[in-house]
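The questions and answers below go through one structure piece by piece.

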Amino acid sequence: MDYNFKFPKDLYADVRIEEWYQIWLNQENGEVKSDGDLSEVGAIVRVFDGNLWYTATTNSLDEIQGQLDDLAKMATPNPDILENEIVKSYEVHRDVRMNYDGENDLRKVTRAYWKGMQDAYIEKCVDPEIKECNFWSCGISGNHRVKHFYSSKGAAIAYDDQCCNLSMFYGYTINGVTNYGGAYFVKMTAPELLGLEQEIIEKRDAYLDYAKNAVDVTPGDYECVLAPIVTAMFTHESFGHKSEADFMLNDKTLRDEWVLGKKVGSEKISICDAGDMLNHGYVPYDDEGTIAGKTYLMKDGILTGRLHDAKSAGILGEKKTGNSRAQSYHYQPIVRMTNTYMEAGTDKFEDMIAGIQDGIYVKDVSNGTGNSTFVMNPTLCYRIRDGKICEPVRVHMITGSVFQTLFDVDAVGTDFELFDSYTCGKGGQSVNVSAGGPSIRVKKLAFS
Amino acid sequence: MSTEMVRAKDVSIRKTSSLDFKESKLVSFSKESSLESSFRVYQDGKVGIYYHIGPMDDEEGYAKAAANLVRERPYPFTLETGKRARDKREKVMTDEELRATAVSCMKYLTDNYPKFRFEMKIHGTEQDRRTINDLGMDYRHQDYSVDVGLIFKHADSKNINDGYFQFSLRTFDETIFRRMADLYLANYEKEVEIPEELIIDTQYYGLAGRVGNYLNGEELARGTSLLTGKIGEKVFSEDFTLEHDASDGESWFSTFWDGDGCVLENDKLVLVENGVPKIGFADKKTAEQYGIPHTGPAYHNFTDIPGPGGLNLRIKRSDKTIKELLNGRYAIIPLDSTSSGFNEKGDTTMVISKSLLYDGDGVVGRLPEFKVSANIFDIFGKDFIGVGSDNPITYNDKQILYRVHRT
């Protein structure tokens with residue numbers, strides 16, 4: 001790597017440099033709405049004296065050394081800084097991991113290629129015979145990032161990550177009311193976005209059927225089956241955020257509630273987080289330089305681990321897990337998920353449905369949040385009657401208690417899927433993550 | 001034969017100093033400075049755009065924009081001109097002043113509310129926005145604010161957090177911070193019952209924005225808006241008047257000119273008057289495309305051509321205070337709530353996990369979790385109580401009172 005900084009004496013410092021490339025191309029109803037690309041370089045410089053962090057950002061890499069020097073003047077020199085608990089735990093790795101080169105590098109994909117892909121999807125997936133369709137949009141976008149990390153302890157790391165996105169959305173207007181729905185895909189390389197027509201058409205037709213035929217749900221508690229994409233969100237919102245250890249550091253109530261070894265769910269459930277998977281939450285080294293790994297958060301229903309940065313691991317006396325992440329060079333890192341999923345079980349999807357007399361199948365979901373009550377906003381639901389999937393049903397919101405629902409899972413399917421189409425918001429920062437899981441059956445959730 | 005090239009540039013400079021508190025302790029001080037430029041060249045009914053983050057020589061930026069004329073982004077409209085500057089900065093704090101203020105605010109919290117844990121961010125942000133072009137346009141808006149965001153958690157709670165408040169001031173006043181902290185925390189531990197009539201007291205920007213979306217000229221013309229065919233019809237409450245207001249008095253880091261470079265007469269556009277939607281809003285392109293009036297505003301777009309948007313929505317205030325509007329009833333101040341969003345019919349469901357009960361003078365206690373439903377046309381229709389003439393609570397800002405229904 002090319003950078004050689006003069007780090008200040010008697011202080012800890014690190015520098016994170018990010019080179020971004022983005023493209024986007026969006027059409028609505030046959031009109032090009034946006035068409036552009038952007039290259040951006042920026043850095044965040046951090047200095048720590050054992051008491052306070054001092055940080056600055058810049059888009060001029062020539063200014064990094066000057067920023068280091070200016071921040072050092074604000075800090076209080078600490079000859080024992082290397083003995084500071086947090087600094088002492090920082091790892092020192094020297095590594096380069098570039099995963100995308102040659103034709104896999106989206107920076108080498110031409111605008112003509114993206115436009116050709118988009119036009120092909122529009123031709124195949126927009127049906128002018130569907131009279132109810134007043135609106136459609138097709139969006140293609142991509143992000144490529146190269147991240148460099150240097151620390152005063154000697155760390156020097158560089159890696160790249162990227163993602164390519166395709167969305168096809170439709171608006172169906174029936175009796176003056178417009179329902180929107182469609183498909184959204186996130187893949188790691190441009191060629192992986194090819195060949196998705198069948199999935200898009202299935203979603204297109206499902207949402208049209210929903211717009212025409214869905215009836216309002218009678219609010220209440222229902223036994224339900226969650227499709228893998230919904231389980232993924234449930235896992236992320238109901239449990240994933242509770243695993244981020246920074247919320248409990250000096251909070252006795254929460255530490256007593258979430259003590260390792262406690263049974264927190266059905267023995268059918270195991271949940272983990274892994275930053276080294278080349279998916280949307282890929283983080284081979286976190287933004288403190290810690291190497292990634294796989295962390296079991298729950299194993300067979302037992303709380304087995306948490307997600308940490310150096311500070312939370314130190315305070316709780318647990319191992320670092322490589323989960324310190326920042327949205328971009330504009331931010332300092334905080335504890336975040338990466339690729340978080342519920343492992344596959346042994347139950348068959350058909351048996352889950354067959355076992356329900358009166359319930360709901362939740363097939364798709366748009367977003368969710370999690371506190372003690374978690375919330376999910378579904379987009380496609382169907383009634384289950386006498387063991388069969390029946391008519392579409394309109395549901396605004398699904399809620400459940402985090403403390404109870406994990407015990408109410410009585411079947412975990414074999415049909416595991418990992419979804420890269422997720423972003424996660426926390427503390428004003430949004431990071432790319434993936435979330436996954438199989439179909440699951442839950443004895444009771446509240447639908448309204 | 002090509003027409004002469006006209007060049008334009010949009011610039012946004014932002015400087016922020018931030019202090020971050022975690023677990024009630026100061027953990028970091030940050031400085032950020034950003035420069036964003038959108039270089040544009042107009043020729044033969046097209047525009048070439050180049051967006052850059054960081055310093056860039058103008059000639060290089062315009063050359064890159066000219067190279068992007070190959071993308072053939074259409075802009076066959078008359079370019080605007082005009083000169084006006086607006087400087088809304090009041091008391092710009094130094095880093096030392098900001099730090100001292102932040103530490104003082106946190107000390108007030110920890111001294112007076114030791115049973116709570118706090119996470120707080122305080123930013124001082126200065127912004128300079130400017131648009132110029134070869135035809136002599138020079139529009140500029142400068143602004144500064146101190147923004148406080150506070151998350152609190154009670155020691156006995158099993159939640160990750162229990163509530164949040166925020167507010168922004170151009171001249172920071174610590175007495176307002178203390179008043180807001182007392183309002184939210186003093187009676188937090190006292191549990192009270194859910195009242196029969198549920199009246200929500202909150203900021204209204206999100207709700208107003210939803211109605212604004214329905215008045216997007218493109219949505220109305222396509223037939224995808226719930227207000228399609230209803231312009232001129234009494235749809236909302238007689239007391240509900242909604243306008244886009246870019247005037248000096250109502251600006252908050254917002255420009256008086258829009259993405260097309262247009263400035264409205266009196267800086268305002270009335271969208272709903274006494275319950276009657278008056279007009280859909282449209283930028284130049286949408287107006288031409290659908291044969292509807294060009295009203296503005298257009299949103300600023302640093303990377304492409306503008307479109308309809310960039311609204312700065314304001315609901316006309318009642319001449320009554322919040323207490324007078326409540327008229328002896330209670331209001332609910334949500335602290336931690338999750339909404340389903342508004343569906344295709346304008347319905348919404350909300351889980352209000354944590355909220356406070358307000359009697360018109362102060363907070364009387366904390367409510368248990370409950371779920372409610374509403375419809376956007378009822379929120380501004382039969383369930384609309386009003387926007388008070390004063391700002392007694394809710395982030396020191398305008399607040400709306402509206403009814404919701406228990407589910």
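Q: In the open sheet of four strands in chain B, what is the order of the strands?
A: Strands and helices here are DSSP runs, numbered from the N terminus, with at least two residues (E) for a strand and at least four (H or I) for a helix. Two strands pair if DSSP finds at least two bridges between them. In this open sheet the pairing is antiparallel, and the order is β12-β11-β10-β13 (chain B).

Q: Why is one side of β12 and of β13 of chain B left without a neighbour in the sheet?
A: β12 (276-277) and β13 (313-315) of chain B each have a single partner strand, so one side of each is left without a neighbour in the sheet. Both stand at the edges.

Q: Which residue of β13(B) is the bridge partner of Leu242(B)?
A: Strand β10 (residues 242-245) of chain B runs antiparallel to β13(B), and three bridges join them. Within β13(B), Leu242(B) has as its bridge partner Ile315(B).

Q: What kind of model is this, and what pLDDT do local features need?
A: This is a predicted model in which side-chain atom pairs count only at pLDDT 80 or more, totals for chains, interfaces and linings use all residues, and local features need pLDDT of at least 70. Residues are numbered from 1 along each chain as its sequence is written, while chains are lettered from A and ligands numbered from 1 in the order in which they are written.

Q: Which residues of helix α1 of chain B are buried?
A: A residue is buried if 20 or more other C-beta atoms lie within 10 Å of its own, exposed if 12 or fewer, and partly exposed in between, with C-beta atoms placed from the backbone. Helix α1 covers residues 58-67 of chain B, and its buried residues are Gly61(B), Tyr62(B) and Ala65(B).

Q: Why do the buried residues of α1(B) line one face of the helix?
A: An α-helix has 3.6 residues a turn, so residues three or four places apart point the same way. The face turned away from the buried side of α1(B) carries the exposed residues Glu59(B), Glu60(B) and Ala67(B). Seen down the helix axis, the buried residues of α1(B) line one face because they fall within an arc (taken from the directions from the axis to the C-beta atoms) of 95 degrees.

Q: Which strand of chain B gives the most to the side that touches chain A?
A: Residues are in contact if their C-beta atoms, placed from the backbone, lie within 7 Å. The contact between the chains takes 42 residues from chain B and 42 residues from chain A. On the chain B side, the strands that each supply at least two residues are β2 (25-43), β3 (46-53), β14 (331-339) and β15 (347-358). The one that gives the most, with seven residues, is β2(B).

Q: Which residue of β2(B) is the bridge partner of Thr55(A)?
A: Strand β3 (residues 53-58) of chain A runs parallel to β2(B), and four bridges join the two. The bridge partner of Thr55(A) in β2(B) is Ser30(B).

Q: In β6(A), what is the bridge partner of His144(A)?
A: Strand β1 (residues 12-28) of chain A is joined by 15 bridges to strand β5 (residues 133-151), and the two run antiparallel. Here Tyr21(A) stands opposite His144(A). 17 bridges join β5(A), again antiparallel, to strand β6 (residues 156-174) of chain A. In β6(A) the bridge partner of His144(A) is Gln162(A).

Q: Is Met188(A) buried, exposed or partly exposed?
A: Met188(A) is found in the loop between β7 (177-187) and α4 (197-213) of chain A. Leaving aside neighbours within four places in sequence, Met188(A) is in contact with Gln162(A), Cys163(A) and Leu278(A). Because Met188(A) has 19 C-beta neighbours inside 10 Å, it counts as partly exposed.

How values were computed
Two residues are in contact if their C-beta atoms, placed from the backbone, lie within 7 Å.
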